[in-house]
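Q: I would like a close look at a single part of this model, followed by an account of its wider setting.

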Amino acid sequence: MGGAEGPGHPNGHASGAVVAEKLDELRRQLGKADGDPLRIVGVGAGAWGSVFCALLQDAYGHLRDRAQVRIWRRPGRAVDRATAEHLFEVINAREDVLRRLIRRCAYLKYVEARLGDRTLYADEILRDGFCLNMIDTPLCPLKVVTNLQEAVWDADIVVNGLPSTDTREVFGEIGRYWKERITAPIIISLAKGIEASLDPLPRIITPTQMISNATGVPLENILYLGGPNIASEIYNKEYANARICGADKWRKPLAKFLRQPHFIVWDNSDLITHEVMGGLKNVYAIGAGMVAALTNESATSKSVYFALCTSEMIYITHLLEEEPEKLAGPLLADTYVTLLKGRNAWYGQKLAKGELTLEMGDSIKGKGTIQGVSAVDAFYELLSQDSLSVMHPEANRSVAPVEMCPILKALHRILIKRDRPADSILQAIRDETMYDPRERIEMAQGHSLYRPSLLGQPKGDVKA
């Protein structure tokens with residue numbers, strides 16, 4: 001099952017007795033009988049999904065009779081020669097990894113792949129602790145399953161590590177396997193992204209809602225976990241925090257179960273809004289990467305962009321949330337780390353430098369899916385609806401909310417309509433006729449912008 005060879009082995013920072021008690025407490029709450037292990041299954045093996053499962057394997061995997069951690073990924077994804085060569089360098093640079101592979105009789109295949117005599121596959125290297133999207137950060141070995149039905153049919157906890165764009169399809173298939181289940185599993189979604197639904201009213205659909213609709217699992221059993229963190233740094237024990245959001249029944253027990261000395265997990269009841277904020281920051285991270293590349297990392301230009309994009313995000317949160325102020329801290333923290341080191345900002349930089357093109361799509365080798373692209377489209381479509389119209393402060397007339405978001409409009413033209421080059425993002429932040437971003441914030445605070453229907457709930461409803 002991969003053993004407890006990773007850096008998070010419980011004998012390091014937390015005593016084995018404390019770890020075992022946390023596991024037993026959750027097992028009791030789930031009604032698990034002695035001899036029946038708690039079955040935790042990750043669905044999707046991107047960077048964060050793989051790290052999340054590796055953290056649980058490191059913490060609980062040695063308690064084999066009480067916990068079983070597995071991860072599903074699609075089979076057949078070949079590792080190209082350049083990646084195999086780099087992977088070989090990573091292996092040889094880490095004595096602990098090198099010794100582990102030799103001990104497991106797994107080293108020779110990496111030599112053969114380095115020489116071009118063998119093709120490696122993503123599921124194969126994940127078993128040895130290498131995530132294709134994060135080759136530079138070796139994980140602990142993982143139990144990998146490539147048959148989705150085998151992976152999930154008896155799972156107690158399912159971790160959604162898929163991009164939001166794949167969530168509906170895969171969980172639709174999972175739903176067919178769960179038709180005969182008597183008890184609903186718990187699902188923890190890590191996905192940051194949204195879809196737009198325009199009929200009968202404009203509203204946002206989040207990954208947890210997609211999962212509930214696709215599987216029939218009640219929303220009280222589906223939680224979202226997110227926070228300002230970078231997957232590789234968390235596995236390397238950089239101190240981090242996150243929030244698990246959802247119904248009272250499971251969020252507090254799961255927060256306790258997931259908490260580690262270097263990974264603090266808080267809990268919050270506001271599931272849908274936190275999910276949406278996780279998608280929103282990805283939109284503006286792409287633009288930040290573009291601005292950084294186009295201005296040669298100008299601190300002044302980046303600060304101008306940050307002031308403008310945060311004012312747009314604050315404006316949008318006032319449309320989505322009756323008390324948006326409580327979201328300011330988590331949203332800004334998540335945005336900040338994404339601008340510093342996230343894949344969406346990286347993607348914006350590469351586009352602006354011409355090292356990537358839009359024709360390559362939004363699934364990038366070594367990075368995975370760039371979720372901000374679909375989020376740009378979804379937020380633009382939603383906020384373009386006349387039924388959500390707001391009063392323009394200068395024109396003194398009703399306009400669609402997107403008219404108050406020039407950066408979002410520019411990103412949509414660059415990424416979705418593709419009728420403007422990447423450098424047009426600079427025009428959006430250098431418009432001489434633009435008003436002070438503070439005025440956008442004051443307008444949002446001074447007017448009743450809240451549109452509860454955007455989150456699919458009538459005014460006054462308690463959030464799931």
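Leaving aside neighbours within four places in sequence, with which residues is Gly246 in contact?

A: This is a predicted model, in which local features need pLDDT of at least 70 and side-chain atom pairs count only at pLDDT 80 or more, while totals for chains, interfaces and linings use all residues. Residues are numbered from 1 along each chain as its sequence is written, and side-chain values use heavy atoms, with hydrogens and water left out.

Once neighbours within four places in sequence are set aside, Gly246 is in contact (heavy atoms within 4.5 Å) with Leu223, Arg251, Asn268, Ser269 and Leu271. Gly246 itself sits in the loop between β9 and α11 (248-258), where helices (H or I, at least four residues) and strands (E, at least two) are DSSP runs numbered from the N terminus. With a relative accessible area of 1%, Gly246 is buried, a term that means under 20% relative accessible area, whereas exposed means over 50% and partly exposed lies in between (1.4 Å probe, protein chains only).

The loop that leads from α10 (231-235) to β9 (240-245) holds Lys237, which has a positive phi of about 70° although it is not a glycine. Lys237 is partly exposed, its relative accessible area being 25%. A positive phi, of about 55°, is also found at Asn296, again not a glycine, in the loop between α12 and α13; at 69% relative accessibility, Asn296 counts as exposed. Another backbone feature is the cis peptide bond that joins Asp199 and Pro200, with omega about 5°, and Pro200 belongs to the loop between β6 (195-197) and β7 (203-205).

In soluble globular proteins, nonpolar side chains tend to be buried together.

The axes of α12 and α16, which are lines fitted to C-alpha atoms over the stretch in contact, with angles running from 0 to 180 degrees between N-to-C directions, come within 8 Å and cross at roughly 105°. That makes α12 roughly perpendicular to α16, since 65 to 115 degrees counts as roughly perpendicular. Val276, Gly279, Leu280, Asn282, Val283 and Ile286 of α12 meet Gln371, Gly372, Val373, Ala375, Val376 and Phe379 of α16. Among the contacts of Phe379 beyond four places in sequence are Ile194, Ile204, Ile316 and Leu408.

Notes. Parallel < 35°, antiparallel > 145°, perpendicular 65-115°, else oblique.
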